[in-house]
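Please look at the structure first.

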Amino acid sequence: MPPSRFLFADQLGPHYDDGGPIVLVEATAVLGRRTYHRAKAHLILSALRHRARELGDRVELLHAEHYRDVLKGRDLEVVNPTSWGARALVAELGASVLPSRGFVTSEQDFAHWADGRPASRLVMEQFYRHVRTSTGILMRGPEPEGGRFNFDHDNRQPPPKNAVGLGLPDPWAPVEDDIDEQVRRDLDRLVAEGRVHLIGADGPRRFAATRAEALAALHDFIETRLSDFGPFEDASLIGDSTMAHSRLSVPLNLGLLHPQEVIDAVVEAYHSGQAPLASTEAVVRQVMGWRDWVWHLYWHLGENYVAESNFLAAHEPLPPAFLELNGDAVEARCLSHVLDEVSRTGWAHHIQRLMILGNWSLQRGYEPSALSDWFINAFVDGTPWVMPANVVGMSQHADGGIVATKPYASGGAYISKMTDFCGSCRFNPKIRLGPEACPFTAGYWAFLDRVEPRIRGNHRMAQPLAGLRRLVDRDAVVAQERERTNW
């Protein structure tokens, strides 16, 4: 008898299935050990059960408190899983381990590229260019398509003036079925029994949970959003929660899509005249560059990277507004809106994560590992391998410059330029002192004051620190933010 292939809940696409018997497990403790968003818990169970239905007689769908309860003693093989904890479990079970899948590049590819480079020189842009060159994607011989590897400079447009939205069709959404109905009942029961604790709003399911749904979402993105993705990828509007973003991180991180097929689809759209190069390159860079890079950094930087990274000595606990996803508790319109969107959907696009949620957390000194856990729990696409580099490294600069060369901090002026949040806010992004002082604007200067001794040697921070030293009301702003209770 061949061993059974044990698939984790992020390995549900056809590229994880080579034929033969399959084992899937619903382990209640996996949902119970974290305070997940309701939409995330629903998505995991729905995806597992839909995959089991598709596999028919080839699958055993097991229910248990812990994986070990039903897997110990079995003859198993696995595709190398995506977290330190899961790999430890697989080793304990004695399963036969196959190489990782679900990424454009292998761990061996990255190790070869990184060999001899110090951690501070593992730059994403260099890795991205290496992969572009080695794969030939968007290349014309040795030269990049269009003469540049990176069109990011062209992709920073603010939203259209006075617009409510980008005017695009509503994004693709699934139609729930009997599996979703049963998942909802089961989650209600687990919550009532106190076995799981969930945050955020219930349904309807907004993201793909099957292979067919994932392909539909990919097709819809290319047809309706790809062309506008590049120019407006950093813009936000209150009335348009999706903008031109794909939301494909969700099926990608469930293993329902392979990143190479996303890349192939958007490149084909470019070559057929359906999408401009700047938008196409932006998707390729996010999927083949950034996504692969943070995956490899998760392993390269080691199991203790998150616990040991707190370069800026940030120790403040997360506030109840974050932990409870309660935007009503927040006066700042931008932060209130994004927290409400996360509560409603379990998702926000990347600039809202980085420049609203992340920027705020950086300024206020929230503990990086707690923030990383919060992003894993509260977002439908949050996984243990995604968040360390994204949150601890890039967003919070807690590793001192391995992932990002400077802290991603900004005042209210950036938010005012790239969003319509400030027009309906009681705070003024141009004011840093007094009752109307924007907590992002004032918070930016208070942040620089707090971390100045630690970032003084960073040449990219020389200009902001020079501005801080010229600030005539520096002490008053710092004192105001230290005492601030209304944000």
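Between domain 2 and domain 3 there are 0 salt bridges, a salt bridge being a side-chain nitrogen of Lys or Arg within 4 Å of a carboxyl oxygen of Asp or Glu. The model is predicted: local features need pLDDT of at least 70, side-chain atom pairs count only at pLDDT 80 or more, and totals for chains, interfaces and linings use all residues. Residues are numbered from 1 along each chain as its sequence is written, and side-chain values use heavy atoms, without hydrogens and water.

The domain bounds, which come from an automatic or database domain assignment, are as follows.

| Domain | Residues |
|---|---|
| domain 1 | 2-96 |
| domain 2 | 105-173 + 208-300 |
| domain 3 | 303-481 |

The C-alpha centres of domain 2 and domain 3 are 24 Å apart. Contact (heavy atoms within 4.5 Å) involves 28 residues from domain 2 and 28 residues from domain 3. The buried area, meaning the accessible area (1.4 Å probe) that two parts lose on being put together, summed over both, is about 2,500 Å² between domain 2 and domain 3, and carbon and sulfur atoms give 64% of this area.

Turning to the cysteines, a disulfide is a pair of cysteine sulfur atoms within 2.5 Å, and the count is 0 disulfides. The sulfur of Cys425 has its closest cysteine sulfur in Cys334, 6.4 Å away, which is too far for a bond. Cys438 is likewise in no disulfide, as the nearest cysteine sulfur, that of Cys422, is 6.3 Å away. Cys438 has a relative accessible area of 9% and is buried (under 20%, with a 1.4 Å probe and protein chains only; exposed is over 50%, and partly exposed is in between).
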